[in-house]
Amino acid sequence: MDGTVDGFRYGAVTPVAAYLMACLGGALGLRCIVRTLLNTRSWKPGWLALGAASIGCGIWTMHFIAMIGFHVEETRIRYDAATTVLSLVVAVVVVGIGVFIVGYRGTGRTVLAVAGTVTGLGVATMHYLGMAAMRLNGDVGYDPLGVALSVLIAIAAATAALWSAVTIRNLLMSLGASLVMGVAVSGMHYTGMAAVSVHVHDTANGTWAGDSPMSLLLPMLLGPVVFLLLAGVVVMFDPLLVLGERPSASRPDTSARGSVANSAASPGSSRHETARPTRRR
């Protein structure tokens, strides 16, 4: 028997909350990566790792907030804790690979294509690992076309995010890029969920191992959410990330130098207007 699948059990609450978490993780990650470009003397591996962890946690949190709203009418849904944790590790590690590639190699076409593909496949792997963590009284199936489309969206979103991370340095533009990134990640998730079908077993009282969504997902979401909040505090208290590039102390002030040059070249400058000493008769 085919199950009745509902991905929006709580209405717009879970999609909106999931989107906001994806945007938060993306915004923090992009600014951390920009930090390594604004100050080359900063500890680059540390900022890149913080950026990768922020993006990975944001994507993972987005996925499982959205999964709280996933419901099959004919059966309860539980989750395997080990597989759920593994999906978080995969998200952070694979995003980290892409971030470190562009952080050290730049955004050449070949480099960006490789990094975007690796990261996108990692994001898709995280998504389907999270789906594999489900335990229900039935079999989960996927439409191959929907799965392929979700993977392509993941690759495109990852490539665009990595490109913007090392290209866009303005704060407002980075925030705009994170909003677009949130749309892409959410679109990948719900495209993959649209490909899901559930064939429910005939036995009404089947037993299966796992934890309920509320008992497992809510406590597990607490850790990544707290991490994102702490990363947000780090970003907010770093003026270089908030205000953008500051002029270097060793760099001469071009505006002052220009005004001096103009005053020296002007016919009314003080050098030309120096009073000549009067001769005594």
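Predicted model: local features only at pLDDT ≥ 70, side-chain atom pairs only at ≥ 80, totals over all residues.

Entry one, helix α1. I found 19 of its 26 residues buried, so α1 counts as mostly covered. Then I checked the length of α1, residues 13–38: at 1.5 Å a residue, its 26 residues should span 38 Å, and I got 37 Å between the end C-alpha atoms, which agrees.

Entry two, the strands. I looked at β5 (residues 138–142) and β6, and they pair in the antiparallel sense over five bridges. For Val140, I noted Val198 in β6 as the bridge partner. Val198 sits on the covered face of β6 (residues 196–200) along with Val196 and Val200, while Ser197 and His199 make up the uncovered face.

Entry three, the cavity. How many cavities of 30 Å³ or more does a search of the whole structure find? I got one. The largest cavity holds about 130 Å³ of space. It has 15 lining residues, and Ile59, Val123, Ala157, Ala158 and Met181 are the closest to its centre. I traced the lining to helices: α2, α3, α4, α5 and α6 each supply at least two residues, and α5 gives the largest share, five. By type, I count 14 nonpolar residues in the lining, one polar and no charged.

I placed Leu129 in helix α4, residues 109–132. Leaving out residues up to four places away in sequence, Leu129 touches Thr83, Leu86, Ser87 and Val90. I also took the C-alpha separation of Leu129 and Val85, 44 residues apart along the chain, and got 9.6 Å.

Notes: Residues numbered from 1 in each chain as written. Heavy atoms only, no water. Helix = DSSP H or I, 4+ residues; strand = E, 2+ residues; numbered from the N terminus. Contact = heavy atoms within 4.5 Å. Buried < 20%, exposed > 50% of the residue type's maximum accessible area, 1.4 Å probe, protein only. Pairing = 2+ DSSP bridges. Expected span 1.5 Å × (residues − 1). 1 Å grid on protein atoms, 1.4 Å probe; cavity = no way out; pocket = protein on both sides within 12 Å on 5 of 7 lines; lining within 4 Å. Points joined across faces, edges and corners; volume = space filled by probe spheres on them. Nonpolar A, V, L, I, M, F, W, Y, C, P; charged D, E, K, R; others polar.
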